[in-house]
Amino acid sequence: IFRIVQECLQNIHKHAGQNSEARVTVESSGGLLVLTVRDNGKGFDPKSVVPRPGHGGLTGIKERADLIGAELTIASRPGQGTTVTLRMPLRGHTGLLRSNPA
């Protein structure tokens, strides 16, 4: 999950534009971990992206999501920014996000 966030932020840095802002949220809901990375940058047509297996970028994000059994959606339109959403079932969801007692 960390590497997915890292790659999303790298893509924003490379492609969204100098004045773009990003917001990362992580929530748990109904036994799911929901990660959202949203920017207000240039946006793009997701259908125009050419997959490049073994490289970073969106292809790498999709590959990592598949490896952890997560569902990934990418919503973007030119001039409208981009939202990447990852939904992953939590295993024993009561324990995964629990703080470590001292």
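1. Contacts across the sequence. Of the contacts in the protein chain with a separation of 6 or more, 55% are accounted for by residues 24 or more positions apart; contact here means heavy atoms within 4.5 Å. The model is predicted, so local features need pLDDT of at least 70 and side-chain atom pairs count only at pLDDT 80 or more, while totals for chains, interfaces and linings use all residues. Residues are numbered from 1 along each chain as its sequence is written, and side-chain values use heavy atoms, with hydrogens and water left out.

2. Overall architecture. The secondary structure of the protein chain consists of three helices and four strands, arranged along the sequence in the pattern α-β-β-α-β-β-α. Helices (H or I, at least four residues) and strands (E, at least two) are DSSP runs, numbered from the N terminus.

3. Burial and surface. Of the 102 residues in the protein chain, 29% are buried. Buried means under 20% relative accessible area, exposed means over 50%, and partly exposed lies in between (1.4 Å probe, protein chains only). The accessible surface of the protein chain is about 7200 Å², and carbon and sulfur atoms hold 49% of that surface. Accessible areas come from the Shrake-Rupley method with a 1.4 Å probe, and for residues only the protein chains shown count as cover.

4. The largest nonpolar core. This core has 14 residues, among which Ile4, Cys8, Leu35 and Leu86 touch the most other members. A nonpolar core is a set of buried Ala, Val, Leu, Ile, Met, Phe, Trp, Tyr and Cys residues joined through side-chain atoms within 4.5 Å. At least two residues of the core come from each of helix H1 (2–15), strand S2, helix H2 (57–67) and strand S4 (82–89). The most is given by H1, with four residues.

5. Leu86. This residue lies in strand S4 and is buried, at a relative accessible area of 1%. Not counting residues up to four places away in sequence, Leu86 touches Ile1, Ile4, Leu33, Val34, Leu35, Ala65, Ile68, Ala70, Glu71 and Leu72. Val5 is 81 residues from Leu86 along the chain, and the C-alpha atoms of the two are separated by 9.9 Å.

6. Helix H2. The buried residues of H2 include Gly57, Leu58, Thr59, Gly60, Ile61 and Ala65. Among the elements that cover them are H1, strand S3 (71–76) and S4. Just after H2, Gly69 adopts a positive phi of about 70°.

7. Gly57. Located in helix H2, Gly57 counts as buried at 16% relative accessibility. Leaving aside neighbours within four places in sequence, Gly57 is in contact with Glu7 and Asn11. The C-alpha atoms of Gly57 and Glu7 are 6.3 Å apart, although 50 residues separate the two along the chain.

8. The salt bridge. A salt bridge is a side-chain nitrogen of Lys or Arg within 4 Å of a carboxyl oxygen of Asp or Glu, and by this rule the count comes to one. It joins the side chains of Glu71 and Arg87 (3.7 Å, N to O). Glu71 lies in strand S3 and Arg87 in strand S4, so the pair ties together parts that are 16 residues apart in sequence. Glu71 is partly exposed, with a relative accessible area of 45%, and Arg87 is also partly exposed, at 32% relative accessibility.

9. Asp39. This residue is found in strand S2 (residues 32–39). Asp39 is buried yet has no salt bridge, and the nearest side chain of opposite charge, Arg38, is 8.7 Å away. For charge, Lys and Arg count as positive and Asp and Glu as negative, whereas His and the chain ends are not counted. The side chain of Asp39 reaches the backbone nitrogen of Gly41 at 2.7 Å. Leaving aside neighbours within four places in sequence, Asp39 is in contact with Ile12, Ala16, Glu21, Ala22, Gly81 and Thr82.

10. Thr36. Strand S2 also holds Thr36, which is buried with a relative accessible area of 11%. Not counting residues up to four places away in sequence, Thr36 touches Arg23, Val24, Thr25, Thr83, Val84 and Thr85.

How values were computed
A polar contact is a pair of N or O atoms within 3.5 Å; within protein, one must be able to donate a hydrogen and the other to accept it, and residues adjacent in sequence count only if both atoms are side-chain atoms.
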